[in-house]
Amino acid sequence: MKKGIKVVLVQAPFWTVQSPPFSLATLSAFLREKKYNVSVFDFNINFYKKNKFYYIIWKHLASVYQITWNKFLYKLNIFLNDKIFDRWVNEIIKTDAQIIGFSVYSSGSLFTQILAQKIKEKARDKIIIFGGSNCRLHGHVYINLDYVDFVCVGEGENSLAEILYDLEHGTMKKSYKGMLSKFNGKIVDGGESELIQLEKLPTPDYNDFNLSDYVKLYLSISSSRGCMYRCTYCGDMVNIFGNCFRFKSAKKVFSELKYLRDNYNVKRFAFADLMINGNIKELDRLCDLIIKNNLDILWTGFIRFRKEMNFKLFKKMKKAGCGRLFYGVETGSQNVLNAMNRRYKVEEGENILRLTNNAGIEVGATFMVGFPTESFKDFVQTLKFVSRNNNYFYFINHLICRLSPGSNIDINPEDYGVISRKMWTWRTSRLLSRKMWTWRTSRLDIWKRIFRYVVFTLWVKLVIIKDLLYIKK
Ligand code: B12
Ligand code: SF4
């Protein structure tokens, strides 16, 4: 029998249009298992479907907002999208839910805040909870907004279930583990929540989503949470609950994949893990199970260079349906790799790219230019790395290294020659968190990094053209 408390979970724009928001599918499955009455709304896909062009314009504006927290953009959004917001607010209020939870990523911060504010204006009694990776970074900023009641800074499952339980039994407490809350006008930090046992989590629930709305649909799944490495630039560290790596057994992941395939008739999956090869033995076992049971699926995931990965395993992964893997290559310089604490040798990385490609798996690679200790010589080594290995890449992404809040560089900037942080002091800007998104050693340094980014972009294009000419010959 369902419990009396109703909860709505919301994804505001902007998030992926290829698959339903994974965090909400995970949380709704968990709460439903506990017999709560849950409704889920993906307003991101809703907005996309209404007008794709308009969606893209706002997506870019929202990305400006995520850095500047610009008041003008906030007001412009309310002015131009008022009707859309009203429709969404009404949809939410119609459910009669007491609790409204938002999954907040940096890309969705602008729309989430406006939507939450409008809900509170219309129905003061609703309890508004923010959760998601952006809350780990900006939790204190969010909890200071008068329309936000709780901010989940840890894993959502247990914290949310605890609040729902207490609300139902009239035993609301001063603080909740994994949450920031308000009590008698004061902000209370409930401390770290206990880590959930992944093996006990239910399979993500995609029943609330109209799957035909998504573009080239795939479903997300996870085999682990966290990471056992400590790359110095990595901001995901703040998102790694409990600072450790946890994994599900191959048997459990297989049963989830099978259930999702059979239940939703979907064959394309993406692992939301930070790396799918955190536990190589379980990955190997999972591939065996998929092959033995002829699951007939196609999947992708983020993966890390590890010298334990061999050709036999890549072949097995391919046979089990692995179509593409995403590597964070970052640099072709051993010096920079060491400064990044990537813990592998350039040659090992190259070898793994070759093995992946030879096994018939497409390779997506991300490079990072302008790491604080990167010299011009290091940069040239990265360019050479790209041309040497270009045949193995299906596509290359690259970005300028930015200061990720919570990363080692952020905590110990002096160790990397980062002497001062550039503060975004827009006159219109709202409350800004202490952590900033970029740094500067000198004005020249910024231009140097932009220059390298441009050169890298051109280089990738040049290498591709060169290869095409070569093939034509
Ligand atoms: C998988 C993933 C994706 C997938 C999403 C798949 C999907 N269907 O949802 C894809 C590849 C599409 C993706 C895309 C992007 N991503 Co991404 N992604 C991730 C990754 C690796 C894992 C996220 C995940 O699903 N984890 C598993 C779930 C279960 O965990 P979770 O989301 O944290 O949710 C838990 C808690 O946070 C909490 N919670 C979450 N929501 C709520 C809500 C409530 C009410 C409560 C109480 C709790 C709660 O409970 C959940 C369960 O414990 C993270 C890295 C990370 N460390 O989190 C980056 C990350 C979330 N992505 C990020 C970004 C920036 C993006 C992009 C915007 C990048 C870009 N510029 O294009 C795009 C957005 C989509 C688009 N193209 O427009 C950033 C977000 C930054 C921030 N601080 O907000 C992260 C943190 C990576 C990073 N360090 O930069 N991403
Ligand atoms: S960059 Fe990847 S491997 Fe390195 S600490 Fe972050 S999540 Fe882990």
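This is a predicted model: local features need pLDDT of at least 70, side-chain atom pairs count only at pLDDT 80 or more; totals for chains, interfaces and linings use all residues.
Residues are numbered from 1 along each chain as its sequence is written, and chains are lettered from A and ligands numbered from 1 in the order in which they are written.

**Sheets**

Helices (H or I, at least four residues) and strands (E, at least two) are DSSP runs, numbered from the N terminus, and two strands pair if DSSP finds at least two bridges between them. An open sheet with parallel pairing is formed by six strands, in the order β8-β11-β12-β13-β14-β15. Its edge strands, β8 (219-221) and β15 (395-400), each pair on one side only. On average, and with direction ignored, neighbouring strands of this sheet are turned by 20° against each other; axes are lines fitted to C-alpha atoms, for helices over the stretch in contact, and angles run from 0 to 180 degrees between N-to-C directions. Within the sheet, β12 (residues 298-303) runs parallel to β13 (residues 322-330) and is joined to it by five bridges, and Thr300 has Arg324 of β13 as its bridge partner. Helix α9 (residues 250-264) packs on the sheet, where it touches β8 and β11 (268-271), and its direction makes about 160° with that of β8.

Elsewhere, strands β1 and β2 (residues 37-42) pair in the parallel sense over six bridges, with Val10 opposite Phe41 in β2. Five of the six residues of β1 (residues 6-11) are buried, a residue being buried if 20 or more other C-beta atoms lie within 10 Å of its own, exposed if 12 or fewer, and partly exposed in between, with C-beta atoms placed from the backbone.

**A helix pair**

The axes of α3 (residues 52-68) and α6 come within 8 Å and cross at roughly 85°, and the two helices are therefore roughly perpendicular to each other (65 to 115 degrees; under 35 counts as roughly parallel, over 145 as roughly antiparallel and the rest as oblique). Ala62, Tyr65 and Gln66 in α3 meet Ser109, Leu110 and Phe111 in α6, where contact requires C-beta atoms, placed from the backbone, within 7 Å.

**Ligand surroundings**

A residue is near a ligand if its C-beta atom, placed from the backbone, lies within 6 Å of it. Of the 33 residues around ligand 1, those that come nearest are Gly101, Ser103, Gly131, Gly156 and Asn239. Helix α1 gives the most to this shell, with four residues. Among the residues around ligand 2 are Cys227, Cys231 and Cys234, together with Arg230 and Arg304.

**Two loop residues**

Tyr105 is found in the loop between β3 (99-103) and α6 (109-122), and is partly exposed, with 18 other C-beta atoms within 10 Å. Its C-alpha atom is separated by 6.2 Å from that of Gly132, 27 residues apart along the chain.

Gly321 lies in the loop between α11 (311-319) and β13 and is partly exposed, with 19 other C-beta atoms within 10 Å. Leaving aside neighbours within four places in sequence, Gly321 is in contact with Ile290, Ile297, Leu298 and Trp299.

Notes: Two residues are in contact if their C-beta atoms, placed from the backbone, lie within 7 Å.
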